[in-house]
Amino acid sequence: MGVQDFGFRVYEGGRTSVLSRILHLARLEVGRFFRSKKFLLFFIFCILPALMQFVLVFLEFVVFEGSGKILGMDVPGGAVRMHRPGPFQSGISSFVFYFGPMLETGPMLVWLYSAVVGAGSLARDRAENALEIYFTRGIQPMHYYLSKWLAVTFLLLCQLLFPFLVVWISAVFLAPDWTLFEKTVGYLPRLMYGQLFIAGTLALWTTSLSSSTSSPRFAAMRWLGVFFVFRVIALIFYKRIFRDSHAMLVSPWNIVKEAGFWIVDEPTRYQIQEIYLFPVWFLLCVAALLWARHNLQPGRVVA
Amino acid sequence: MLSDPREPTGSPTEPLAEPTVVLEDFTVRYGRFTAVDRVSFSVPPGACGLLGKNGAGKSSVLKAVLGLLKPSSGRARVLGFDAQREGLRLRDHVGYMPEREASFPTLSGLESVILAARLSGLPGREGRQRAHEVLFLVGCGEERYRPVGGYSTGMKQRIKLAMALVHDPALLFLDEPTNGLDPGGRAEILALLRDLVDKGKSLILSSHILSDVEGLCEHVVLIDAGRILAQEPLSTFTATAGSALRVGVHGDLLRFQARLTELDLLEKDLGKGQFLVRDDGEPGSLFGVAMSCGVQIRFLEKDRRSLTDVFLSTVGKHPSTEGGQG
C-alpha cells in the first residue's frame, strides 16, 4: 500500500483563522441537535408559548377578522399581574406580546431547553474524550469554550427569539393594513438585544456549569436543580421572611429575567434596583467564566 | 512575502535536517509528583520510538511537547516552535493520535475527519477532499458514512489515525496506534506509517508492542520514572555490548565447533549451522579457523538482541516508580 497510490498530497495552502475554526465547531454543535428527530419534537414542545401566540394572531386576524379585542381577547383588566399585563393578555401590538411569553409563562420550558442544549454540551465532550482531540489541535480551551457558548446562545435564541419573529412577521402579513407594522417595527431591535442578552447569559452559565462533569445527565439535573432550588429559596425569602423584592436576587433565573426586562426598558416584575441587579449578574458571569477556566485546563482534561 | 523560517519546508522526500523535538532540562510536576525529571533529549527526523513502562512519563512528555502541559522548568522546541509560547501554531503542524478512545459517536467517520481538518486550519473544501483521501489511505471505505459510535475498535483506530494525518502534519505523535487492530490491519497500518516516513514525515511512536517499534523506528528513547535511560539509534540500542558475532557456516560443523571451543571463542551453538562467537576484534581469525576446518562462512554479523530483551534488561536495572502519570 503506497502513499501515492491513494493520492496523499502535501498540503501547501494557508491555514484558516481561529475564528473560522470556532464558527465551524459552533455550527457542528447546532447541527448535532437539529438532525435528531427526538430533539425536533422536544424543540416543538419547548416553543409552545410561541405557537400559542401564533394561534392568537391567527384568531385575531383570520377568524375574528380584527374583532378579537371586542370579543375579549385583548382585555388587560383583571389580568394585570403585579405591575403589568401578562403576555397573553396584552395586545398583538404590544412589545410584551413578543418578548414576554417564554420568560413569563414558560420559564420551566426555558430551563428544560437550556438544560438539554447547554448543560450537556461540554459534559458530553468530556465523556467522549473529545477534548483530547480539540486541545491537541489548533484551538485553545478559550476558543473551544467560545464556540460552545456561541452554539448554545444560538440554540437558545431558537427558542426565545426566532419563533416570535415568525409570529411578528405572520401578524404583519395577516393584518388588514400596515398599521400594525408601523406600530411594532420599532420593537425589533429591543426584542433582539433583550433576548440576546438573556440567551447569552443563560448560555454562559449553563456551559460553565457543564464544564466540570463527564455526565450530561448529571449536568442537566444540576442546572435544573440550581434554577429550581434557588428560585424556591428566593420566593420563601420574598414572601415569608424578608418581604422585600430584593430577596429575588438569590434566584439566578430572576436575575437574568429582571435584567432582561430592564435593558429593554419594560417594567420589571419585582422592580429590583439595577444598582443591585447588575453587580450580582456580573459576579455570576465572572464566577461562571472562572469555573470554566478552571475545569478546561488542558493538563486536567487531556489526562 | 518572506516565509516563516520555522515552517517545515522542502519536498516530502527530503527529510528535515534539524531535530524535530528538542527537550532541554525539562521537568513536569503534578503537585508533589514529578512525572518528568530534568529530561533532555533531541529526536532526529524519521521514526522514533518512545519506550517505557506504564507510568514512566511517556504521555507527560507527549503532552508537554504538544504544549498542553506547563513545565516546571526547562523548555521544549518542536519543529522549531517553542512548545509553550507557540503551542497553537505548533499544533497546526503536528498530528496526534491519542491512546484513549476519543471520538464523536454521533458524527460519521467522514465528519470526524473533516472536523479534525477544520480545527487544524484547513479550508472547507480542501478539508473535505483531504478527509476522503486519508480515509482511503487508512483503509476506511463506505463505513465512513456511518456514525463512529457503531465502529469496531480497529475501525476507530483507523479514524483516529486519519484525523491525525488529514492536515498533512510534518510530525506525528502516535500513542499505541495499533491497539485493537487484527494482524492484517496492524501490518497495513505499519506499512502505511513506514511509507509516510519514507516520504519525509517524522513520527514519534509510543507503544508497548515493541515489535512495532522495532519494525518501524530508527531511533529510540527509553524513559523510566520520568528520566531518560537511553536515547540512541535502534541499531546501537539492540547491539550486544560489543562482544559477540553471529556466524553461519556450511561444512564440518563438529570440527568447526571443536576448534572454536579450543580457542575459547565459542559462546553458544545456535543450531542449524549458526554459532555465537566472542568478538575478539579480529574477524580475520574466525576466517582462519573456518579455513583450517574446511567450512564455508555463509554470513557473519554483529549479534543483535531483540528490542524486548534490551528493554527488559535496561528497565530492569533501574527501579522505577509505579502508578504515576503515563
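Is B:E24 buried, partly exposed or exposed? B:E24 is partly exposed, with a relative accessible area of 37%; buried stands for under 20%, exposed for over 50% and partly exposed for the range in between (1.4 Å probe, protein chains only). This is a predicted model, in which local features need pLDDT of at least 70 and side-chain atom pairs count only at pLDDT 80 or more, while totals for chains, interfaces and linings use all residues. Residues are numbered from 1 along each chain as its sequence is written, chains are lettered from A and ligands numbered from 1 in the order in which they are written, and side-chain values use heavy atoms, with hydrogens and water left out.

**The two chains**

- Chain A has 16 helices and two strands, where helices (H or I, at least four residues) and strands (E, at least two) are DSSP runs numbered from the N terminus.
- Chain B has 11 helices and 14 strands.
- Of the 303 residues of chain A, 52% count as buried; of the 326 residues of chain B, 51% do.
- In chain A, 71% of the contacts with a separation of 6 or more are between residues 24 or more positions apart, a contact being heavy atoms within 4.5 Å.
- The corresponding share in chain B is 70%.

**Interface between chain A and chain B**

- The contact takes 40 residues from chain A and 46 residues from chain B.
- About 4,300 Å² is buried between the chains, and carbon and sulfur atoms give 57% of this area; buried area is the accessible area (1.4 Å probe) that two parts lose on being put together, summed over both.
- There are 21 residue pairs in polar contact between chain A and chain B, both residues being at pLDDT 80 or more.
- A polar contact is a pair of N or O atoms within 3.5 Å; within protein, one must be able to donate a hydrogen and the other to accept it, and residues adjacent in sequence count only if both atoms are side-chain atoms.
- On the side of chain A that touches chain B, the elements giving two or more residues are helix 1 (18–34), helix 8 (130–135) and helix 16 (298–301) of chain A.
- Helix 1 of chain A gives the most to this side, with eight residues.
- By class, this side of chain A has 18 nonpolar, 13 polar and nine charged residues.
- In this classification Ala, Val, Leu, Ile, Met, Phe, Trp, Tyr, Cys and Pro count as nonpolar, Asp, Glu, Lys and Arg as charged, and the others, Gly among them, as polar.

**Salt bridges**

- The whole structure holds 24 salt bridges over all chains, each a side-chain nitrogen of Lys or Arg within 4 Å of a carboxyl oxygen of Asp or Glu.
- Five salt bridges are counted between chain A and chain B.
- A:R9 and B:E133 meet through their side chains in a salt bridge (3.1 Å, N to O); the pair runs from the segment before helix 1 of chain A to helix 4 (residues 124–137) of chain B.
- A:R9 counts as partly exposed at 29% relative accessibility, whereas B:E133 counts as buried at 15%.
- A:R21, in helix 1 of chain A, pairs across the chains with B:D92, in the loop between helix 2 (87–91) and strand 6 (94–97) of chain B.
- The side chains of A:R21 and B:D92 form a salt bridge at 3.0 Å, N to O, and both residues are buried.
- Within chain B, the side chains of B:E24 and B:R75 meet in a salt bridge (3.4 Å, N to O).
- That pair links distant parts of the chain, with B:E24 in strand 1 and B:R75 in strand 4 (residues 73–78) of chain B, 51 residues apart.
- B:R75 is partly exposed, at a relative accessible area of 35%.
- A network of salt bridges links A:E29, A:R32, A:R124, A:D125, A:E128 and A:K148.

**Surroundings of B:F26**

- B:F26 lies in strand 1 (residues 21–30) of chain B and is buried, with a relative accessible area of 0%.
- Leaving aside residues up to four places away in sequence, B:F26 touches a set of residues including B:V36, B:V39, B:A64, B:P71, B:R75 and B:Q84.

**Helix 9 and helix 10 of chain A**

- The axes of helix 9 (residues 141–160) and helix 10 (residues 162–174) of chain A come within 4 Å and cross at roughly 35 degrees.
- Axes are lines fitted to C-alpha atoms, for helices over the stretch in contact, and angles run from 0 to 180 degrees between N-to-C directions.
- A:F154, A:L157, A:C158, A:Q159 and A:L160 in helix 9 meet A:F162, A:P163 and A:F164 in helix 10.
- By class, this contact has seven nonpolar, one polar and no charged residues.
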